[in-house]
Amino acid sequence: SFRFKEYQQDKLKINLDLDTSIPLIGTVGRFDSQKDHLNLLDALVILAKDKILFNYVLVGTGLDQSNKQIVEWIRKRGLSTYVKLLGQRNDIPKIMNGLDLHVLPSAFGEAFPNVVNEAMACGTPCVVTNVGDASFIVGDTGWVVRPKSPKALAKAIKIALQELRGGTAKNAYSLKARRRIKENFSVIKMVKGYTELWSKLL
């Protein structure tokens, strides 16, 4: 289940043989034009040029070495040392707990992106593009940018990493994210909201 588990925070980095002192950012979502991985990779190029330290994982269907398209995009941009393709996983709560920051780079078509809800429930702050309900879910617990703008996305990720630096700041953002999900988007609250709506309609 999607809950904050402090003991899992460094496990993902260790399992992937990554330096635990370097921020780990990730995007969970299938390979699809809607998810705009090109926008994301172009933003990561900017971060790399700015000498920002980070590691990145892409998780979801089609995001593995068999996808020659994404492999080529990564290689052409010189991001092979930064980005790992993890493919489809069945341990997404562990992934979310292991990330320092989750990014939703979508261009369009998102309604209520559950992946943002799931990341925040695990205490992982989010940078999102302003599509669907993403900005509403994040509220004041993360960072929202316009879609299809690598510069805006890179700037938001850079600011997020700066603001999350240090245990105290990171814990404060983590707590805010978890609290927002619990208070606004818990299953019980959503069911109650639907029940009240149906009562009014009937």
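Residues are numbered from 1 along each chain as its sequence is written, and side-chain values use heavy atoms, with hydrogens and water left out. As this is a predicted model, local features need pLDDT of at least 70 and side-chain atom pairs count only at pLDDT 80 or more, while totals for chains, interfaces and linings use all residues.

The nonpolar interior comes first. A nonpolar core here is a set of buried Ala, Val, Leu, Ile, Met, Phe, Trp, Tyr and Cys residues joined through side-chain atoms within 4.5 Å. Buried stands for under 20% relative accessible area, exposed for over 50%, and partly exposed for anything in between (1.4 Å probe, protein chains only). The largest core holds 33 residues, and Leu44, Tyr56, Leu101, Val103, Val127 and Ile157 touch the most other members. Two or more residues of this core come from each of α2 (37-49), β2 (55-59), α3 (68-76), β3 (83-87), β4 (101-104), β6 (143-145) and α7 (150-163). These elements are DSSP runs numbered from the N terminus, with helices (H or I) of at least four residues and strands (E) of at least two. A second, separate core has 28 residues, among them Leu16, Val57, Val131 and Ile181.

Threonine 27 belongs to strand β1 and counts as buried because its relative accessibility is 4%. Beyond four places in sequence, threonine 27 is in contact with Leu40, Tyr56, Val57, Leu58, Val59, His102, Val103 and Pro105.

α2 has 13 residues and spans 18 Å from its first C-alpha to its last, close to the expected 18 Å; the expected span is 1.5 Å times one less than the number of residues. Its buried residues are His37, Asn39, Leu40, Leu41, Ala43, Leu44, Val45, Leu47 and Ala48. After α2 comes lysine 51, with a positive phi near 65°. α7, with 14 residues, reaches 20 Å, close to the 20 Å expected. In α7 the buried set is Ala152, Leu153, Ala154, Ala156, Ile157, Ala160 and Leu161. An α-helix has 3.6 residues a turn, so residues three or four places apart point the same way. The buried residues of α7 pack against β1 (24-28), α2, β4, β5 (126-129) and β6.

On to the aromatics. The whole structure contains 5 aromatic pairs, where rings of Phe, Tyr and Trp (its six-membered ring) pair if their centres lie within 6.5 Å, and planes under 30 degrees apart count as stacked, over 60 as edge-to-face and the rest as tilted. Phenylalanine 136 and phenylalanine 185 make an edge-to-face pair, 5.5 Å centre to centre with 90° between the planes. This pair links distant parts of the chain, 49 residues apart: phenylalanine 136 is in α6 (134-138), and phenylalanine 185 is in the loop between α8 (167-184) and α9 (187-201). Phenylalanine 185 counts as buried because its relative accessibility is 7%. Together, Phe112, Phe136 and Phe185 form one aromatic cluster.

Charges turn up over rings too, meaning NZ of Lys or CZ of Arg within 6 Å of the ring centre and within 35 degrees of the ring normal. The charged end of arginine 180 sits over phenylalanine 136, 5.6 Å from the ring centre, and that of arginine 178 sits over phenylalanine 4 at 4.1 Å.

Finally, the segment before α1 (11-15) holds arginine 3, whose C-alpha is 7.3 Å from that of proline 93, 90 residues apart along the chain. Glutamine 8, also in the segment before α1, is buried because its relative accessibility is 7%.

Definitions and conventions. Contact means heavy atoms within 4.5 Å.
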